[in-house]
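Open the model in your viewer and keep the selection tool at hand. We will go stop by stop.

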Amino acid sequence: MTNSIFPPLRLSWMIWGLAALFYVIAFYQRVAPAVITTELMSEFSLTATALGNLSAFYFYSYVAMQVPTGLLADHWGPRRLLTLGAVVAGIGTLMFGLAPDAAWASAGRLLIGASVAVAFVSMLKLAGHWMPPRQFALASGLALFCGILGAVFAGVPLRLLVDSFGWRPVMIGSAMVTFAIGIVIWILVRDDPKDKGYLSHVAHVNDDETSVKSSAIAGIKEVLQYRNTWLLYLIPGGVAGSAITFAGLWGVPFLASHYGMEKTTAAAVCSTLLISWAVGGPVFGWLSDHLGHRKTLYALGCVMLLFGWSIILLVPELPIPILVILLIIVGFASGNMILGFAYAKESVPARLSGTVSGIINMGVMMGPMLLQPAVGWMLDRNWDGDIEEGVRVYSLDAYRNGFSLMLAWLAVALVLVLFTRETYCNQTK
């Protein structure tokens, strides 16, 4: 029997929070290679290009899964998606931790990326059903916050664990935690408040949602008819791609080589960027909801990013305090990408929210998927032959050439934001 009241917020946030735990794992796995670059390059005899590709295998499958994930979230439900995703992610992490060579490690990363791809879209789907509409952008921002907590753990804490136990045992332990999260999700999470006897925040929810929805292909075609879908797909790759390419792979060796930082210190600096990113997401989301618009804040964030990254990457030998402050600023500004999800959701009919969220999240991950190996390729192309302890060392000019790709995408993103159609936080009918 269904009550005539909506679920209490504490229950809604608990359901959403359990899904967020899996997203913590997703982000942890996303940036974990950043602090074990030396170990991976040494053990598997990798060049920068090869390391970039190994890390990017996560993004290859993650991106490929976004549209299927959005469709499954609409037609199958987040609970089953999240549980299956956690099991497969645990298997992939085991493969990575036990890999005898780079091919097996890449296969493990491929499985991890495909499985954790369900996390973010499922969180958005749960937020749409369990929370009032005006809290959706805030929930999206807090989702990013939770994910980046995982990325922060993949910084100094992971580096300390690897120093103490080795990277393989740590990855095996990570797999066990992932399996446990999947079990808890299956036991406690439900797709909609009606499954626990409450009213849903989505109108006209019934036991057979597929009966009132278009086919999967028709849904994709319909979503792509909206101009905002295309623009909001292309924009966040520059925003998130820059942050993840730097903090998630190349930032630690760059800071160690050209600012003389210890690896633990460099990881801490990169974690500072990620922490400010985690703060920026909810702030941008709340401010956008409060002001009642998306476009202006999204564009403002892109302007901040373009100027901030330009100084960080093009000005040599910045004083360390100035460098850290700038990384905090670009991290905070990167939180503007969370607006793209609420923006896109409002730009199409509500029944297609899962599909459009999957498409936008695919755009987000296109950034690091392309930029991480591309920066590695540029590093190898500009390598001057220096080797330390069997690992290639790259010059400042090599890093500048590689990181210039990030700046180019950010410039394009800023232009594209200006062509989006403002929704004023109103849902398209």
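## Stop one: the cysteines

Select cysteine 146, which counts as buried because its relative accessibility is 16%, and buried means under 20%. Keep in mind that this is a predicted model.

Now go to cysteine 425. Its relative accessible area is 11%, so cysteine 425 is buried. Cysteine 425 takes part in no disulfide. The nearest cysteine sulfur belongs to cysteine 302, 17 Å away. Searching the whole structure gives 0 disulfides.

Move to the second largest pocket. About 450 Å³ of space lies in it. The pocket has 21 lining residues. To find its centre, select Thr38, Ser257, Lys263, Val391 and Val393, the lining residues closest to that point.

Which elements give two or more residues to the lining of this second largest pocket? They are α2 (37–43), α12 (236–258) and β2 (391–392). Colour α12 on its own: with 5 residues, α12 gives the most to the lining. Then colour the lining by type.

## Stop three: serine 271

Select helix α13, residues 263–291, and pick out serine 271 within it. Is serine 271 buried or exposed? Serine 271 counts as buried, because its relative accessibility is 6%. Show its surroundings next. Leaving aside neighbours within four places in sequence, serine 271 is in contact with Val152, Gly155 and Val156.

## Stop four: the aromatic rings

Show the rings. A pair of aromatic rings is described by the distance of the centres and the angle of the planes. The count here comes to 20 aromatic pairs.

Start with phenylalanine 44 and tryptophan 167. They form an edge-to-face pair, 6.1 Å centre to centre, with 80° between the planes. Phenylalanine 44 sits in the loop between α2 and α3 (48–75), and tryptophan 167 in helix α9 (residues 167–188). The pair links distant parts of the chain, 123 residues apart. Both phenylalanine 44 and tryptophan 167 are buried.

Go next to phenylalanine 284 and phenylalanine 332. Their ring centres are 5.6 Å apart and their planes are at 40°, so this pair is tilted. Phenylalanine 284 lies in helix α13 and phenylalanine 332 in helix α15 (residues 320–334), so the pair ties together parts 48 residues apart in sequence. Phenylalanine 284 counts as buried at 5% relative accessibility, whereas phenylalanine 332 counts as partly exposed at 28%.

Technical notes. Residues are numbered from 1 along each chain as its sequence is written. This is a predicted model: local features need pLDDT of at least 70, side-chain atom pairs count only at pLDDT 80 or more; totals for chains, interfaces and linings use all residues. Side-chain values use heavy atoms; hydrogens and water are left out. A disulfide is a pair of cysteine sulfur atoms within 2.5 Å. Buried means under 20% relative accessible area, exposed over 50%, partly exposed in between (1.4 Å probe, protein chains only). On a 1 Å grid over the protein atoms alone, a cavity is a set of points where a 1.4 Å probe fits but cannot get out, and a pocket is an open set with protein on both sides within 12 Å along at least five of seven lines; lining residues have an atom within 4 Å of a point. Grid points are joined across faces, edges and corners, and a volume is the space filled by probe spheres set on the points. Helices (H or I, at least four residues) and strands (E, at least two) are DSSP runs, numbered from the N terminus. Contact means heavy atoms within 4.5 Å. Rings of Phe, Tyr and Trp (its six-membered ring) pair if their centres lie within 6.5 Å; planes under 30 degrees apart count as stacked, over 60 as edge-to-face and the rest as tilted.
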